[in-house]
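Me: Could you take a close look at the sheet in this model and at what packs against it? I would like one connected account.

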Amino acid sequence: HLVPIESFTNRGMQFHELQLVTELVFRGQIEVVGRRAHKNNFKLFEEDLKECVEKAQSAIVLNFQQDYFLNENNCEFGSPHYSPLASVDLVAGMISVADVDPDVHELYSLSIKRAFEGMQFENPITNLPRGWFVLKRI
């Protein structure tokens, strides 16, 4: 059963839906690996960041609570959001987020630990933590 694309503007897009849509749009060009921010996956997140920096063949998109990242309180559910990383500094333990929100006009930086914490908030529909996507060229 297909979901009408118009419904995403009202309810947002679930993690698995974005993964599938991205794979369909970029069919044959990229592989999309979705990872959940379960407590024990922090090391995996760090490994994905390291591979992204060292191999320069992938990009990372975060699914996070924007309010947590920006220290705001704009939404009952923390303003769930998707945005790509702009940069990763493994030595300093920092990332920069290229937030696609039209109200956010500049990159912002936060620690890798805080980024992971911002992805651990559970989606109220699935009761699963948010996470990140690794987009790899194929």
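Reply: Helix H3 (residues 42–55) lies across E1, E2, E3, E4 and strand E6 (131–137), and runs at about 145° to E2; here helices (H or I, at least four residues) and strands (E, at least two) are DSSP runs, numbered from the N terminus. Helix H5 (residues 112–119) also packs on the sheet, where it touches E2, E4, E5 and E6, and its direction makes about 90° with that of E5. Contact means heavy atoms within 4.5 Å, while axes are lines fitted to C-alpha atoms, for helices over the stretch in contact, with angles from 0 to 180 degrees between N-to-C directions. This is a predicted model, in which local features need pLDDT of at least 70 and side-chain atom pairs count only at pLDDT 80 or more, whereas totals for chains, interfaces and linings use all residues. Residues are numbered from 1 along each chain as its sequence is written, and side-chain values use heavy atoms, with hydrogens and water left out.

The sheet itself is open and has six strands in the order E1-E6-E2-E3-E4-E5, with antiparallel pairing, two strands being paired if DSSP finds at least two bridges between them. Its edge strands are E1 (30–36) and E5, each of which pairs on one side only, and the twist averages 35° from one strand to the next.

Strand E2 (residues 58–65) is joined to E3 by five bridges, with Pro-80 in E3 as the bridge partner of Gln-65. Four bridges then join E3 (residues 80–89) to E4 (residues 94–97), where Leu-85 stands opposite Val-97. In the hairpin of E3 and E4, which has four residues between the strands, Gly-93 takes a positive phi near 70°. Four bridges also join E4 to E5 (residues 108–111), and there Val-97 stands opposite Tyr-108.
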